[in-house]
Structure formats: C-alpha cells, structure tokens
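These are my notebook entries on a single protein chain.

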Amino acid sequence: MINVAVASAQRELARKLRTCLVEWGYRPWEMERDIPLQFQLQERGCDVLLLDLETPIGKNPAAAAQIKKSPEHRHLAVLGILGAEQMPPLEFNWGLDDFVWRGAEPHVWLAQLQTKLRFLLWRLNKLDNNDTLRVRNLEVNLASYQVTVDNSLIYLTYKEFELLRFLLSNRGRVFTRDALLRHVWGDEYLGGTRTVDVHIRRLRGKIGPQFDELIQTVRHVGYKMVKD
C-alpha cells in the first residue's frame, strides 16, 4: 500500500483524514506531536505527506521545503491542507506539490483530496490510470494485488508484494536494509535485516532472470529498482 502521513494538530481533522485514506486504499499514520516530523518520516516511511497548514509545523511557510532538503525525503510528495477560514497567498518556494482548501463542504473538499492524491501519485510515476505500477515488463496492480511479468501472473506473499511495491514506487533510489525493514515491515517488527535478504531472494526466484535487470544489489549498502 501507499504510505500517507497525516501531520495535523486537529484531532477531528486527523481522524477524518485517516478514515478516508483507509477507505481509499492507502495506509495512513498520524504524526506524534512530541517527536520531530522528519524523524518520524524516516522511521515510519512515507510516500505522501498531508500537511495541515494550521498545524504549528505547517504554519512555517518553509516547512515542506526544509523537509525536502534531506536526501532521504527529497522525493517526498507534500500536499498542503488549507484551513476553512481563509485562503492565504501561496508561494512556489514553500515546497508544496499541491494543496486542498477546506472552504467547501466536507464531501466536496475530501473528493478533491482523493482526486489530487491520485493525480499526484500518477505525476510522480507511482501510479498509472489503472492503479498499476509498471517498469519494463513488470506490472504491479495495487487494486487486485496481482503481479505480472511478460503478462504471466506471479504469485507473491503479502510482504513480498509490499517490498516489490515499495521499491517500484521509489525507482532509482538506493535503500539500506534497515530502511527497507522500517518502510515495509514497520516499527513493530523485531527481526533482523536478514529478513530483507530472504525476501529479495524469494522475489528473485519467483520473477526469474528479469529480476537482476530490475532490482539491483548495491554492495555494502542495500537494493534499488532501476529507474526505467
């Protein structure tokens, strides 16, 4: 699933966003107030950040841009959420990829948010119009949880699927084993990084000869999915 972080100090808004994100097929998590946001993004993993611009961190116009200065987060998509009271002037250097204004009825702005999320992920090459991630002859359908290579169906376990999805969503980026463990298995997992190697080996066996052309081992570091 696509990981979406919700950064808002408004409990009711955060609850509504989490509920909708689950219904739309995303995996949301909520920012903890007492822990730096950048640390949480690093530890918990994130494809898209929903940043409430009325939240203390969101009131800083440069907040998103500062987050993206980190090499780990420079590809992070940030979607701002403006308060219902007024629409302040926005600047391009704020680091936002898009925004939604809560001035309309909830069902209206939430529908806009759902559409903008899909469009943002598509624009960042994380989804196509059919909820499919694709590189060369490999296709991963997020709606049906099906993986095909040269149109032949490949049967994966849930974690194998999630590992493949994450690498495919972040093509061209190198991830350490620790980073993959955090992003795919989550904070609650207590096992070691060897788990990553085991799942990579299983993917290699199931995908076949094409695997090494798509997912490359970076010696002494980790793994990456080829860019194109």
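**Entry 1: two packed helices**

I began with helix H5 (residues 158–169) and helix H7 (residues 194–207), which pack at an angle of about 90° with their axes 10 Å apart. The model I am reading is a predicted one. Two packed helices are described by the angle between their axes and the distance between the axes. An angle from 65 to 115 degrees counts as roughly perpendicular, and H5 and H7 are therefore roughly perpendicular to each other.

I then asked which residues of H5 meet H7. On the H5 side I listed Lys 159, Glu 160, Leu 163, Leu 164 and Leu 167. On the H7 side I listed Val 196, His 199, Ile 200, Arg 202, Leu 203, Lys 206 and Ile 207. Sorted by class, this contact of H5 with H7 has 7 nonpolar, 1 polar and 4 charged residues.

**Entry 2**

Strands of a sheet pair through backbone hydrogen bonds, either parallel or antiparallel. How many bridges join E11 to E12? I found 4 bridges between E11 and strand E12 (residues 222–225), and the two run antiparallel. E11 and E12 form a hairpin with 3 residues between them. In the turn, His 220 has a positive phi of about 70°.

**Entry 3: the buried side of H2**

I turned to helix H2 (residues 37–44) and asked which of its residues are buried. They are Leu 37, Gln 40 and Leu 41. These residues cover an arc of only 100° around the axis, which puts them on the same side of H2. An α-helix has 3.6 residues a turn, so residues three or four places apart point the same way.

The elements that cover these buried residues include strand E1 (3–7), strand E2 (27–30), strand E3 (48–52), helix H3 (63–68) and helix H6 (177–185). Lastly, I recorded that Gly 45 follows H2 and has a positive phi, near 85°.

Methods. Residues numbered from 1 in each chain as written. Predicted model: local features only at pLDDT ≥ 70, side-chain atom pairs only at ≥ 80, totals over all residues. Heavy atoms only, no water. Axes fitted to C-alpha atoms, helices over the stretch in contact; angles between N-to-C directions. Parallel < 35°, antiparallel > 145°, perpendicular 65-115°, else oblique. Contact = heavy atoms within 4.5 Å. Nonpolar A, V, L, I, M, F, W, Y, C, P; charged D, E, K, R; others polar. Buried < 20%, exposed > 50% of the residue type's maximum accessible area, 1.4 Å probe, protein only. Arc of directions from axis to C-beta. Pairing = 2+ DSSP bridges.
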